[in-house]
Amino acid sequence: MSEGVVTETGVRARTRRAILDAAIETLTKQPSATLADIAAAANVGRTTVHRYFAERSDLIDAISHDALDKISQSTQRARLEDGPVPAALARLCQEYFEHADIFQLLFTMPDLVTRPEWEEESEDDRLLMRLIERGHAEGSIDPAMTKEWLLQLLWSMLYTAWELGRGKTPKHEALTLCLRSLEKVIAVS
């Protein structure tokens, strides 16, 4: 009997994930999309979406938390405290690059990052800032490149790579260009 519960939980988790993924993709293209639009994109009925997310705001809350979770998991996988700073920054870009869908939604719907859960500086932000500080101290990052500038530049380069990768340029090539640009930007002259 417990096996049936595990299966149901797995099915529920997959359905929830399918709805979230469809919502991210749909809202990136059309921020005013309705729950019916999202249900169609997820290949589920509108009532199914309402069982998981009663209101649009509930879905937006879930997307916001999902984005923070993905950022946190990617930051952990990048092992920012290991090895040379340029290599750690490259690993972080590679990890973030895999989540183009969620990050593009954050650019499309900037109100997502003004939600309460985004207001407080996260541990991920602190780890990245410490990494840049370490690069400055070790001399592997140009000291003229402030933490704030590099953070904004990192997001800009990733966004450019994501956009390029959506066009005719293969994704691996877009990521390579991003990493090469980052390497040149942080280089001490």
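**Pockets and cavity**

The largest pocket has a volume of about 520 Å³. Of the 18 residues lining this pocket, I71, V113, W118, D125 and W155 are the closest to its centre. The model is predicted: local features need pLDDT of at least 70, side-chain atom pairs count only at pLDDT 80 or more, and totals for chains, interfaces and linings use all residues. Residues are numbered from 1 along each chain as its sequence is written, and side-chain values use heavy atoms, with hydrogens and water left out.

**Terms for the spaces**

- On a 1 Å grid over the protein atoms alone, a cavity is a set of points where a 1.4 Å probe fits but cannot get out, while a pocket is an open set with protein on both sides within 12 Å along at least five of seven lines; lining residues have an atom within 4 Å of a point.
- Grid points are joined across faces, edges and corners, and a volume is the space filled by probe spheres set on the points.

**Largest pocket**

- Helices α4 (56-78), α6, α8 and α9 each give at least two residues to the lining of the largest pocket; helices are DSSP runs (H or I, at least four residues) numbered from the N terminus.
- The lining of the largest pocket has twelve nonpolar, two polar and four charged residues, where Ala, Val, Leu, Ile, Met, Phe, Trp, Tyr, Cys and Pro count as nonpolar, Asp, Glu, Lys and Arg as charged, and the others, Gly among them, as polar.

**Second largest pocket and Q104**

- The second largest pocket holds about 300 Å³ of space.
- Its lining has 13 residues, and those nearest the centre are A100, D101, Q104, R166 and K171.
- Two or more lining residues come from each of α1 (2-29), α6 and α9.
- By class, this lining divides into six charged, four polar and three nonpolar residues.
- Q104 belongs to helix α6 (residues 100-108) and is buried, with a relative accessible area of 7% (buried means under 20%, exposed over 50%, partly exposed in between, with a 1.4 Å probe and protein chains only).
- Leaving aside residues up to four places away in sequence, Q104 touches T28, W162, E163 and R166 (contact means heavy atoms within 4.5 Å).

**Cavity**

- One cavity of 30 Å³ or more is found in the whole structure, and about 40 Å³ of space lies in the largest cavity.
- L89, L128, I132, L150, L151, L154 and L182 line the largest cavity, a lining of seven nonpolar, no polar and no charged residues.
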